[in-house]
Structure formats: structure tokens, C-alpha cells
Amino acid sequence: MKRLPLVAPFALALAFVAPALSGLEYLQNAQFRLVWKDESLDRFARPAAWSSDTGVLYFVEDQEEPEALVKVREQDGFWRLELGVTTERQGILYIVHNETEALWAVRTGLAKDVVPRYDGDYPDNAVTCMIPRGAPRNAWRCYWGTALLLKDAWDPEGNIPAKYFEPYAKCQGLFESLVTLGQPQVPTFGGRPDSQCP
């Protein structure tokens, strides 16, 4: 995953409460529950034709054109989270381990909509941002694109690894990353004074 060069602190107003029952799905013998909400339309997505104990395909308006695919499966001693989104509208996924209540929030949409005060070069390109409940605001991680693969989203006991609660360096002087936005690959640069960082 390529790191998104964000140059402003997050001001996301996410209330980490138990997701509403509308559109709720259970995975892995009810070890996990999840809900997908389309924030642009202010409504919850519904399961499409395909749904199993491992994953679910969601749609918002048209069942023939699903917006999100979410999967949770066990691999290499961890719970793996996979997400693929086919819409540019703002969406948020809440997924919770039922026993530990360890929750991931994943936001998708255009950079200008998902990241307040974003002033990078590509405001109309899609991003995916993630954070666990209880983490400080500067622990958000954002990547270009609408696909997410977390090989260690939860440990075998259902806890989110401690590394995801640590601040994510994104404002330490001048930094650079290589972002693939179609063709060709585009080098991007950013950086802001410490006073503008979380």
C-alpha cells in the first residue's frame, strides 16, 4: 500500500459508537459484526446477492451495481480484513470483533471529502483511511485508492495490534512518496511545520 501524502491534521468527527442495526452483518460464526454506511446519501448499505460467513457484498441504491466488498478471514495467525469499494461517494465501514469490541473504522471517498483541509495535488482522487477505536487522531492511516488489505487487523484473541494505535508520521518536515494514479507514476512531495501537525 502506498502512503497518501497528507499535509494537514485530521478533523474527522467520527463518533465511535456501536453501529446501528440497519444493514448489520455477521461474519465468521458471528465473531465479527460490520455495517457499511454511504455518508453521501446518509443511508446504510444492504447485502447484495452474495453473502457468506467470510464476506459480504454491499449495495446502496442498485443491487445490480454493488458498492463494497468486505471479507474477514483467518490467515497466518491473524484475522485478515479485505475491502474493495467501487464508488467515489463517501462511505464508512465499521467492523467489530464481538468478544473484545475491538473496532476498525474505514473511510473511503475523494481526498477532498474524506480529509478535511486537504491541500494536496489530487483532491479528486479516491482514498481509503483507517483507524481503530481508541487510537489518537494522529493515528489515522490513509492510502490512495479504494482497496484495503490488512493482514493483521486483529490478533487471534480479537485485539487490534498495538502498532495501529501509534502516531502515524506524516508531517515530519519534507517527505515524499511514489503514488500510482493511472499512468504514469507521479512523484509527490509535501510537508508542513510541526505546528500544523497533530
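Colleague: In which loop is the place of E101, and is E101 exposed, partly exposed or buried?

Modeller: This is a predicted model, in which local features need pLDDT of at least 70, side-chain atom pairs count only at pLDDT 80 or more, and totals for chains, interfaces and linings use all residues. Residues are numbered from 1 along each chain as its sequence is written, and side-chain values use heavy atoms, with hydrogens and water left out. E101 sits in the loop between β8 and β9, where strands (E, at least two residues) and helices (H or I, at least four) are DSSP runs numbered from the N terminus. Given the classes buried (under 20% relative accessible area), exposed (over 50%) and partly exposed in between, with a 1.4 Å probe and protein chains only, the 34% relative accessibility of E101 makes it partly exposed.

Colleague: How many bridges pair β6 with β7, and which residue stands opposite L69?

Modeller: Two strands count as paired if DSSP finds at least two bridges between them. β6 and β7 pair in the antiparallel sense over eight bridges, and six of the eight residues of β7 are buried. Within β7, the residue opposite L69 is G84.

Colleague: What is the strand order of the open sheet, and why is one side of each edge strand left without a neighbour?

Modeller: Four bridges join the antiparallel strands β5 and β6, with Y58 partnered by A68, while five bridges join β7 to β12, where G84 is partnered by A147. β4 (46-51) and β12 stand at the edges and each have a single partner strand, so one side of each has no neighbour in the sheet. The five strands, with antiparallel pairing, follow the order β4-β5-β6-β7-β12.

Colleague: Which residues have the most contacts inside the largest nonpolar core?

Modeller: A nonpolar core is a set of buried Ala, Val, Leu, Ile, Met, Phe, Trp, Tyr and Cys residues joined through side-chain atoms within 4.5 Å, and the largest one has 29 residues. Strands that each supply at least two of its residues include β6 (68-75), β7 (78-85) and β12 (147-154). Contact means heavy atoms within 4.5 Å, and, leaving aside residues up to four places away in sequence, W154 touches residues including F32, V72, I95 and P161. The residues with the most contacts inside this core are W104 and W154.

Colleague: What percentage of the protein chain is buried?

Modeller: The chain has one helix and 14 strands, and 52% of its contacts between residues at least 6 apart in sequence join residues at least 24 apart. Of its 198 residues, the buried share is 49%.
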